[in-house]
Amino acid sequence: MTLLKKEYNDVSYISGPLLFVNAASDLAYNSIVDIKDGQGNIRGGQVIQVSDKNAVIQVFEETRGLDLATASVSLVEDVARLGVSREMIGRRFDGLGRPIDGLPEVVAEKRLNINGQAMNPASRAKPEAFIQTGISTIDVNTSLIRGQKLPIFSGSGLPHNELAAQIARQAKVPGHEGDFAVVFAAMGLTQREVSFFTQEFERTGALARSVLFLNRADDPAVERLLTPRMALTTAEYLAFEQGYHVLVILTDITNYCEALREIGGAREEIPGRRGFPGYMYTDLASLYERAGVVEGKPGSVTQIPILSMPDDDITHPIPDLTGYITEGQIVVDRGLNSKGVYPPINPLPSLSRLMGNGIGKGKTRADHKNVSDQLFASYANGLDLRKLVAITGEDALTENDKLFLKFADDFEQYFIGQGDQDRSIEDSLTVAWGIMSKLPQNQLTRIGKGDIEQYYGTKIDESWKGSN
């Protein structure tokens, strides 16, 4: 909807990506405006603050070249909106929702507010359906449940981009393959990363069921703040109006938060921890809480936000606040990566708080929870023994200790290090039993007798070793 174009000509000053306009108190918060310069060029912008004195506008493009004397502002729309359609599936867009795949604009079925609508807590259904990512460490140890928000904590130089592309390619809701879609939003990408994601989605055929929003590092910081909202608006439309089960992958949340800090600095806000705005918790919650299942609606929105922890510091404000809001974390481990293990996901610090709702008999397999507990306990024991061996040597170990030490090696080599294989939950549990069968039966203290009788004795298969 286009509103009456009233112009505001009293631009007082420009600070980075922000434009300050006097005598514009009738502009509304979140309104979309056009900024015209003396040469007739038009830039987009959004109102982020209104007072009796002035209005503050975030400019979507560069502010370089804008002249205070000739610049004018006119209202375009009451709020930032995105034209959505089922035809967006299989398409690539920039961070502002404009096509970048050489195809025409999407014919919108609706134009939706990108800030979404608050989900009524009373209408939320309990997340309890398993999503298979095809990655053993996630599926068995930190299971992803439909409607959950489960972040991946990574670090600089670790293969979280490859992991994100693999999840996007392999993820499925068993029994609902036809109505499953992926919305992938990447923020602050280098040109190499843009090429990687574009080629990977096209090469593997994942693009056919995906919607991509790609924001480049050289795009304005303001665009970075809109990209995840564009993606989540698309996801909500596909889920709650078209009946899709949508997996939203957001990478890299760290780039998003740094853009938030940059805009906060330009607005001369009082900084909080490490210079980030004090409202960063609220801002992140406005993204993460858009995941869920709604009573009476056939679809669902599940989120996997990915963030690279500065200096691998899990207490940094970004992972710290993310951990408070979301339901667990998947931790990418630098030590495993240095050994050549891929995907280098460490199950010990990883956690899925909703895992118990979506696994077990009738959902995955009856032995799933016990197998997960046994793998966790045995691997932790094996790592403790590695530390002991570094001090005393292997001669001080008992025979059982040596078996647990070998278990830790096999667990990393065959179970975690699956490479780019796509494993079903049945395959992942088979690999787990093959490794556990190297331990004496009396050491499988977390497993029931019936399951041991049924599955114990599975042989390790060399094809389980993955290659990235």
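This note reviews aromatic ring contacts in the structure above.

1. The model is predicted: local features need pLDDT of at least 70, side-chain atom pairs count only at pLDDT 80 or more, and totals for chains, interfaces and linings use all residues. Residues are numbered from 1 along each chain as its sequence is written, and side-chain values use heavy atoms, with hydrogens and water left out.

2. Nine aromatic pairs are found in a search of the whole structure. Rings of Phe, Tyr and Trp (its six-membered ring) pair if their centres lie within 6.5 Å; planes under 30 degrees apart count as stacked, over 60 as edge-to-face and the rest as tilted.

3. The ring centres of Tyr379 and Phe411 lie 4.7 Å apart with the planes at 45°, so this pair is tilted. The pair links distant parts of the chain, 32 residues apart: Tyr379 belongs to helix 10 (residues 368-392) and Phe411 to helix 11 (residues 399-416). Helices here are DSSP runs (H or I, at least four residues), numbered from the N terminus.

4. Phe411 also pairs with Phe415; the centres are 5.0 Å apart and the planes at 15°, so the two rings are stacked. Both residues lie in helix 11, four residues apart, about one turn of the helix.

5. Tyr379 and Phe411 are buried (under 20% relative accessible area, with a 1.4 Å probe and protein chains only). Phe411 has a relative accessible area of 0%, and Phe415 is likewise buried at 0%.

6. Elsewhere, one aromatic cluster is formed by Phe184, Phe196, Phe197 and Phe201.

7. The charged end of Arg365 sits over the ring of Tyr455, 4.1 Å from its centre. For Arg, this requires CZ within 6 Å of the ring centre and within 35 degrees of the ring normal.

Notes. Helices (H or I, at least four residues) and strands (E, at least two) are DSSP runs, numbered from the N terminus. Buried means under 20% relative accessible area, exposed over 50%, partly exposed in between (1.4 Å probe, protein chains only).
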